[in-house]
Number of protein chains: 2
Amino acid sequence: MLASAVRSPRKPRGHGGERRQEILDAALALYAERGVQGVSTREIAAAVGISQPALYGHFRSLNALQVEVCAQAFVDLRRRQAAQVDAEGPTRDSFLRACRTYIDFGLEQPDAYRVAFMLEKPAADPDAHEDKVLAAGLEAFGDFRRRIERLAAAGLTRPGDLTLLTQSIWAGLHGLVSLLIARPDFPWVERETLIARHLEMLADGLLSDGGLSPHR
Amino acid sequence: MLASAVRSPRKPRGHGGERRQEILDAALALYAERGVQGVSTREIAAAVGISQPALYGHFRSLNALQVEVCAQAFVDLRRRQAAQVDAEGPTRDSFLRACRTYIDFGLEQPDAYRVAFMLEKPAADPDAHEDKVLAAGLEAFGDFRRRIERLAAAGLTRPGDLTLLTQSIWAGLHGLVSLLIARPDFPWVERETLIARHLEMLADGLLSDGGLSPHR
DNA sequence: CGCATAACCTATCAGTGATAACTTATCACT
DNA sequence: AGTGATAAGTTATCACTGATAGGTTATGCG
């Protein structure tokens with residue numbers, strides 16, 4: 001916002017990657033403050049302490065930068081989910097926790113989530129967006145699917161195509177996250193209650209009713 | 001896109017509202033073609049046959065124009081849903097059809113849907129957006145809730161707070177619509193299959209298992 | 001006719017993402 | 001130490017964006 005003429009000293013020869021990371025960090029911080037659309041290249045550059053065109057030495061376009069921010073957030077998400085469940089077996093509760101992790105991720109990093117799943121893909125620069133965001137999304141989706149496969153192997157899921165089931169559950173999760181992000185001022189019921197009930201519904205839709213852990 | 005210097009003749013004294021409607025129609029058509037973000041005020045003005053600043057005699061800002069486009073789409077949605085179910089009683093099938101109408105609306109008018117539920121609300125002009133979009137959204141939500149109330153009055157729903165149930169179902173619907181809109185290139189399973197299975201899941205989550213019309 | 005004003009125009013603004021062309025610091029190597 | 005290749009970053013500028021100021025013109029009423 002303010003001019004902030006403080007210039008960061010030039011990076012040594014091989015260390016351009018550090019500047020690149022500084023840019024990503026600054027962008028994420030600004031996005032968290034004011035949203036993706038409200039942040040310009042000049043603001044990012046000023047926050048880092050370099051000139052605006054210098055950004056283009058590290059990223060081909062603003063869109064590429066946003067994609068990179070989002071991709072880093074995806075790494076976070078996958079790491080979080082992986083760390084949490086690897087030790088656990090495939091149970092209804094562990095499934096609920098995985099879903100909960102997904103929802104919390106979206107609510108804690110709404111701008112990354114927005115770039116990943118809610119933003120309009122620009123008409124120009126048609127490759128960069130799809131290549132990286134879609135790839136990151138596919139990896140996260142793959143993790144999720146593998147989790148559901150383990151449930152299926154344990155005989156806990158309803159019959160049906162696993163990809164179909166996974167996509168339906170994912171859509172259900174995404175709906176809640178994205179609505180809470182996009183319309184925070186809507187008169188929602190108490191958030192925890194809503195999330196809990198929604199997750200129960202999704203779990204009921206996925207898992208067989210075998211007396212394992214009925215919630216009612 | 002092209003210059004299109006064809007100017008539309010000036011409207012008579014009291015008929016500024018016609019021009020306003022022409023602008024809305026042109027904007028909707030352009031949005032349907034190239035997406036909301038990719039259309040500039042100059043393009044809209046050129047399509048209508050007026051100068052770009054003339055838009056601001058009819059709308060306070062571009063955002064206000066987009067909001068108006070979306071509000072018109074909402075009127076469509078409500079009319080569609082109202083026309084379809086008023087004659088029917090509260091049954092599982094009529095509920096499924098209402099949900100299906102919602103999904104079809106989003107898929108047929110993705111840009112209106114995007115403005116309504118997926119767009120970041122701009123930091124500036126903080127009133128116009130919320131006032132109109134939120135109001136339109138609340139009305140549509142109210143319709144949906146009333147439908148569910150009728151199901152509850154007929155003793156078909158699971159126990160629990162109706163607002164909570166409605167918001168959860170709505171989130172479930174929105175998730176599928178918005179993901180299909182935002183990520184059309186994702187390797188989805190066959191669309192009809194996905195929609196059908198998703199709706200069954202949502203219906204199961206809302207309606208009691210009374211042997212009324214079990215789908216399995 | 002006169003004239004108030006709705007409807008619309010031209011000119012221009014600050015701000016945007018992006019590119020071209022230039023400068024400068026750093027490092028490997030003699 | 002000096003030289004040259006080049007990574008890192010600069011200034012100047014582009015076309016375009018949404019938006020505003022202020023003037024112009026056609027319309028319909030009295």
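Tyr102(B) is found in helix H4 of chain B, where helices (H or I, at least four residues) and strands (E, at least two) are DSSP runs numbered from the N terminus. With a relative accessible area of 6%, Tyr102(B) is buried, a word that here means under 20% relative accessible area, while exposed means over 50% and partly exposed lies in between (1.4 Å probe, protein chains only). Leaving aside residues up to four places away in sequence, Tyr102(B) touches Leu77(B), Gln81(B), Tyr113(B), Phe117(B), Trp170(B), Leu173(B), His174(B) and Val177(B), contact being defined as heavy atoms within 4.5 Å.

The model is predicted, and local features need pLDDT of at least 70, side-chain atom pairs count only at pLDDT 80 or more, and totals for chains, interfaces and linings use all residues. Residues are numbered from 1 along each chain as its sequence is written, chains are lettered from A and ligands numbered from 1 in the order in which they are written, and side-chain values use heavy atoms, with hydrogens and water left out.

Side chains of opposite charge can pair when their charged atoms come close. A salt bridge, defined as a side-chain nitrogen of Lys or Arg within 4 Å of a carboxyl oxygen of Asp or Glu, forms between Asp204(B) and Arg92(B), whose closest N and O atoms are 3.2 Å apart. Because Asp204(B) lies in helix H8 (residues 191-206) of chain B and Arg92(B) in helix H4 (residues 92-108) of chain B, this pair ties together parts that are 112 residues apart in sequence. Asp204(B) counts as partly exposed at 21% relative accessibility, whereas Arg92(B) is buried at 10%. A salt bridge of 3.0 Å, N to O, likewise joins the side chains of Glu192(B) and Arg100(B), and this pair links helix H8 of chain B, which holds Glu192(B), with helix H4 of chain B, which holds Arg100(B), across 92 residues. Glu192(B) is partly exposed, with a relative accessible area of 40%, and Arg100(B) is partly exposed at 23%.

In chain A, the side chains of Glu139(A) and Arg78(A) meet in a salt bridge of 2.7 Å, N to O. Glu139(A) lies in helix H6 of chain A and Arg78(A) in helix H3 (residues 62-85) of chain A, so the pair ties together parts that are 61 residues apart in sequence. Glu139(A) is partly exposed at a relative accessible area of 42%, and Arg78(A) is partly exposed at 27%. Elsewhere, Lys11(A), Glu18(A), Arg19(A) and Glu22(A) are linked in a network of salt bridges. Over all chains the count comes to 32 salt bridges.

How many salt bridges are there between chain A and chain B? The count is 0 salt bridges between chain A and chain B, although 14 residue pairs, both at pLDDT 80 or more, are in polar contact between these chains. The side of chain A that touches chain B takes two or more residues from each of helix H5 (110-117), helix H6 (126-153), helix H7 (162-182) and helix H8 (191-206) of chain A, and H7(A) gives the most, with 15 residues. The residues on this side divide into 26 nonpolar, 13 polar and 12 charged; Ala, Val, Leu, Ile, Met, Phe, Trp, Tyr, Cys and Pro count as nonpolar, Asp, Glu, Lys and Arg as charged, and the others, Gly among them, as polar.

In all, 51 residues of chain A are in contact with 51 residues of chain B. The area buried between chain A and chain B is about 4,200 Å², with carbon and sulfur atoms giving 61%, where buried area is the accessible area (1.4 Å probe) that two parts lose on being put together, summed over both. Glu120(A), Arg183(A) and Phe186(A) supply 17% of the area that chain A buries against chain B, more than any other three residues.

Technical notes:
Polar contact = N/O pair within 3.5 Å; in protein donor to acceptor, adjacent residues only side chain to side chain.
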